[in-house]
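Reader: I would like to go through this model and ask what stands behind each label. Please give the cut-offs as we go.

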Amino acid sequence: MKIGIISSAYNCAEYLEEALRPWGEFKEESDAAISVVHVCFKENQELGFPPESSDDTEQILNKLNDEKIIDFLHMERKPLDEADSKSICLDYLKKQDVDYMWLLGLDEIYTVDQIKQIIKFVEFNKF
């Protein structure tokens with residue numbers, strides 16, 4: 001079973017590596033593709049958030065991309081609707097022939113064992 005991971009990154013440097021590294025480890029022994037978009041959502045800009053990250057998110061993403069933990073990285077300077085930004089990730093994953101897609105918040109931290117257990121649960125409880 002191939003798992004596709006969709007994540008949106010914006011000002012999430014605090015947990016970014018901790019959230020994505022276990023997925024990189026998981027990819028070493030299982031079939032998975034990680035797709036990340038770095039953008040400020042239009043909805044957040046309307047609330048006063050600046051269009052560009054104010055932390056090290058971009059640098060960390062570039063490092064993880066260089067290390068091949070991230071399979072697809074799209075960085076956008078102009079704000080996008082949340083749905084449009086996730087569609088960028090989805091378009092990439094559809095070409096990767098994934099069986100399941102996992103929408104990962106970059107403050108959601110799993111161990112490799114937890115990832116495997118969740119996937120095993122999904123495989124056993126098809127719906």
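**Labels and their cut-offs**

Author: Ser35 has its place in strand β2 (residues 32-38); strands (E, at least two residues) and helices (H or I, at least four) are DSSP runs, numbered from the N terminus. This is a predicted model, in which local features need pLDDT of at least 70 and side-chain atom pairs count only at pLDDT 80 or more, while totals for chains, interfaces and linings use all residues. Residues are numbered from 1 along each chain as its sequence is written, and side-chain values use heavy atoms, with hydrogens and water left out.

Reader: Which residues is Ser35 in contact with, leaving aside its neighbours within four places in sequence?

Author: Contact means heavy atoms within 4.5 Å. On that basis Ser35 is in contact with Ile5, Ile6, Ser7, Phe72, Cys89, Tyr92 and Leu93.

Reader: How many disulfides does the structure hold?

Author: The structure holds zero disulfides, a disulfide being a pair of cysteine sulfur atoms within 2.5 Å. Cys12 is in no disulfide, and the nearest cysteine sulfur, that of Cys89, is 12 Å away. For Cys89 the closest cysteine sulfur is in Cys12, at 12 Å, and therefore too far for a bond.

Reader: What is the relative accessible area of Cys12, and what is that of Cys89?

Author: Cys12 has 15%, so Cys12 is buried. Cys89 has 0% and therefore counts as buried.

Reader: What makes the pair of Trp23 and Trp102 edge-to-face?

Author: Rings of Phe, Tyr and Trp (its six-membered ring) pair if their centres lie within 6.5 Å; planes under 30 degrees apart count as stacked, over 60 as edge-to-face and the rest as tilted. The structure holds four aromatic pairs. In the pair of Trp23 and Trp102 the centres are 4.7 Å apart and the planes at 80 degrees, so the pair is edge-to-face. Trp23 lies in helix α1 (residues 13-29) and Trp102 in strand β4 (residues 100-103), so this pair ties together parts that are 79 residues apart in sequence.

Reader: How do you know how the rings of Trp102 and Tyr110 are arranged?

Author: Their centres are 5.5 Å apart and their planes at 80 degrees, so this pair is edge-to-face. Trp102, at 14% relative accessibility, counts as buried, whereas Tyr110 has 21% and is partly exposed. Ring pairs link Trp23, Phe26, Trp102 and Tyr110 into a cluster.

Reader: Which residues have the most contacts inside the largest nonpolar core?

Author: A nonpolar core is a set of buried Ala, Val, Leu, Ile, Met, Phe, Trp, Tyr and Cys residues joined through side-chain atoms within 4.5 Å. The largest has 24 residues, and Ile3, Leu16, Leu20, Trp23 and Leu106 have the most contacts inside it. Helix α1 gives the most to this core, with six residues.

Reader: In what order do the strands of the open sheet lie?

Author: Four strands form the sheet in the order β3-β2-β1-β4, with parallel pairing; two strands pair if DSSP finds at least two bridges between them. β3 (72-75) and β4 are the edge strands, each pairing on one side only. Strands β1 and β4 pair in the parallel sense over four bridges, and Ile3 has Tyr100 as its bridge partner in β4.

Terms used. Buried means under 20% relative accessible area, exposed over 50%, partly exposed in between (1.4 Å probe, protein chains only).
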